[in-house]
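Dear colleague,

I am passing on the structure we talked about, with the sequence alongside. Please look it over first; my notes on what was found follow below.

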Amino acid sequence: MKAKYIISVILGILFLNGCNYLDIVPDNIPTIEHAFGSRAEAEKFLFTCYSSLPFHAEPDANPAFLAGDEMTVYPIAPHGRYKNLSSVRISRGEQSATSPLTNYWDGSNGGKNLFVGLRNCNIFFEKIGQVKDIEEFDRARWIAEVKFLKAYYHFFLMRLYGPIPLIKDNIAINAKPEEIMIYREPVDDVVDYICALIDEAIPDLPSTVIFSAEEDGRITKSVALAIKAKALLWAASPLFNGNEEYADFTDNRGVSLISQQYQAAKWDLVRDAAKAAIDEAVNAGHRLYYWTGPYDVTDSTKYKMNIREAFCDPWNSETIWGGTDNTDRLQLNSQARLAKNQNGGNRVGSYNSPTLRMVELFYTDNGIPIGEDPEYYTPDKWYKLRKAGDEDRYYIEKGWTTVNIHFNREPRFYGNLAFDGSKWYGNGRTDDNDIWTTGFKKGEPAGIYSVENTNATGYLPKKHVSYRTNVTESNFTAERYPFPIIRMAELYLIYAEALNESQGPGQEVYNYLDPIRERAGLKGVVESWRKSVNPDKPQDKEGLREIIRQERLIELAFEGSRFYDLRRWKLARDFMNKPMKGWSIFGETADEFYIKNVVNNRKFRRKDYLWPIKESNLYRNNNLLQNPDW
């Protein structure tokens with residue numbers, strides 16, 4: 001599979017580089033004809049269509065890592081290697097229409113040109129019929145895969161830009177000027193087109209990949225149905241469903257590009273699509289992942305590893321679709337130095353730095369928010385110092401002085417986050433009673449190493465790092481895994497959200513939330529909230545909406561979901577205009593270290609909900625409308 005991807009990238013560079021949706025491809029280009037001269041050559045072009053998939057595990061290619069508010073980077077490293085990543089610059093409010101950052105419209109500043117991917121898909125449809133030495137079963141499957149890819153590229157663009165042109169066919173060499181000057185289409189029409197493509201593809205897609213070693217990452221029915229549910233989820237969410245802030249967002253045809261009238265029925269479509277995706281995934285063998293490692297460990301460690309390995313265990317039962325891009329750098333940037341000079345030959349950077357906002361997000365050990373648990377510390381005591389006891393030893397080093405907010409939290413807190421005094425399972429240590437301790441103060445292994453290789457907040461997203469990954473003084477050996485683009489827990493959460501919005505609270509909603517919580521060692525929603533200051537919250541539609549949203553933000557933390565969810569819920573301005581805080585990383589003692597410090601100032605304006613189209617595109621096509629406020 002890796003060889004096929006390399007071939008596809010080379011082919012794409014050879015004759016498709018630098019093109020956008022306005023470029024015209026003559027039908028008689030010899031290289032194109034050669035690409036479909038045989039089954040083997042046509043398969044290479046199939047993987048060229050796959051090669052436009054975004055790199056989900058790369059911090060510059062995936063804005064969801066560092067353009068949001070869940071992680072930041074050290075802001076003053078002199079080489080600017082990470083402080084000037086496109087996604088980091090977006091978080092500082094530096095997005096622009098003259099040279100857009102993480103630009104997936106034209107392919108620049110960290111983004112791929114997805115219109116090239118769409119054009120490749122259309123070339124494939126035009127030419128695949130002429131291949132003679134191919135079984136019709138394979139031809140039908142390949143066509144279905146490319147229909148899905150075409151749908152996915154439209155979906156990816158829609159999440160960033162909102163209304164987009166529909167690239168149904170490539171523009172002919174003899175096209176009239178008015179055929180070239182295409183329009184952006186309303187979001188609802190884009191979603192309808194995405195769903196129609198997926199519906200056409202599903203009958204000819206396999207339920208599972210046939211040859212796992214070669215075909216992992218290829219499209220299945222479960223993948224297609226899951227992305228259909230996500231597309232409908234976006235259409236039903238507040239950003240695109242009755243958003244009156246875009247009342248003036250109309251093109252020169254007078255077409256309104258974002259729905260002004262809220263339609264509750266859109267949630268019915270999400271509900272039905274999510275249930276269909278779940279049913280197909282179950283039939284294909286997908287299920288919530290439980291870690292059954294080869295080591296005898298406590299339940300405390302199992303609960304932590306359930307969430308960590310649901311993300312990192314390659315092609316586990318929960319991974320519905322995984323990206324095939326390299327996760328080494330993601331792990332390098334999230335790996336803690338666990339012993340003196342343990343920096344993998346100066347490769348471990350520990351750049352990815354979760355903010356204090358994420359620390360406050362996770363539940364208490366009672367399974368409810370820290371601000372709603374009457375048994376938990378009052379907010380004025382969250383950040384007071386406390387020494388860990390023997391009862392804390394599987395989460396925090398016994399005798400370590402840290403802050404109250406690190407104690408008595410749910411297992412997902414400890415599975416996601418490494419902090420000062422936390423326990424790190426793996427890297428050669430698999431005995432519960434002898435695992436690593438992460439010290440983040442200056443002079444401790446995970447603390448500031450140099451201004452070029454340091455953590456900014458005193459936290460790392462441990463979830464990104466496989467426990468099989470190994471780091472020493474001289475080497476870093478990553479256990480590679482496919483980045484989970486969508487996993488079973490997310491389908492459960494989509495279904496629960498849609499059920500609540502379409503029908504209100506009920507047992508079926510809890511039936512899809514509670515298994516996720518049970519895997520994390522928590523009781524069900526209704527039972528847990530009986531201990532809260534608002535025990536009836538799960539029975540109220542607005543209250544349950546808030547619960548579902550927090551459950552989603554917790555379960556999918558550091559997976560590239562929060563950045564998009566806060567936008568589609570129209571909550572980004574509430575969350576992303578606040579300073580990103582961490583600890584004073586130069587502190588050598590607990591008193592010096594545990595001082596809140598503003599690391600970066602996050603900016604988010606109304607115009608940031610939809611990204612800008614590069615201005616030069618507007619000059620070439622007067623029918624293109626720029627996104628509001630740009």
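This is a predicted model: local features need pLDDT of at least 70, side-chain atom pairs count only at pLDDT 80 or more; totals for chains, interfaces and linings use all residues.

As for the overall build, the protein chain contains 24 helices and 14 strands, and its C-alpha trace spans about 75 × 55 × 45 Å along the principal axes. The radius of gyration is 25 Å, which agrees with the value near 25 Å that a compact globule of 630 residues would have. Of the 630 residues, 62% are buried, and among contacts with a separation of 6 or more, 72% are made by residues 24 or more positions apart. The accessible surface of the protein chain comes to about 22,900 Å², with 49% of this area belonging to carbon and sulfur atoms.

Cys49 is in no disulfide, and the nearest cysteine sulfur, which belongs to Cys121, is 4.4 Å away, whereas a disulfide would need the two sulfur atoms within 2.5 Å. Cys49 counts as buried because its relative accessible area is 0%, and the cut-off for buried is under 20%. Cys312 is likewise buried, at 0% relative accessibility.

Leu46 belongs to helix H3, which covers residues 39–50, and this leucine is buried, with a relative accessible area of 0%. Leaving aside residues up to four places away in sequence, Leu46 touches Phe124, Trp142, Glu145, Val146 and Arg218. The C-alpha atom of Leu46 is separated by 9.9 Å from that of Ala35, which lies eleven residues apart from Leu46 along the chain.

Most residues other than glycine have a negative phi. Thr102, however, has a positive phi, near 45°; this threonine sits in the loop between helix H5 (86–91) and helix H6 (114–127), and is buried, with a relative accessible area of 0%. Asp629 also has a positive phi, near 75°, and is found in the segment after helix H24 (615–620). With a relative accessible area of 46%, Asp629 is partly exposed.

Conventions. Residues are numbered from 1 along each chain as its sequence is written. Side-chain values use heavy atoms; hydrogens and water are left out. Helices (H or I, at least four residues) and strands (E, at least two) are DSSP runs, numbered from the N terminus. The radius of gyration is taken over C-alpha atoms; the globule rule is 2.2 Å times the number of residues to the power 0.38. Buried means under 20% relative accessible area, exposed over 50%, partly exposed in between (1.4 Å probe, protein chains only). Contact means heavy atoms within 4.5 Å. Accessible areas come from the Shrake-Rupley method with a 1.4 Å probe; for residues, only the protein chains shown count as cover.
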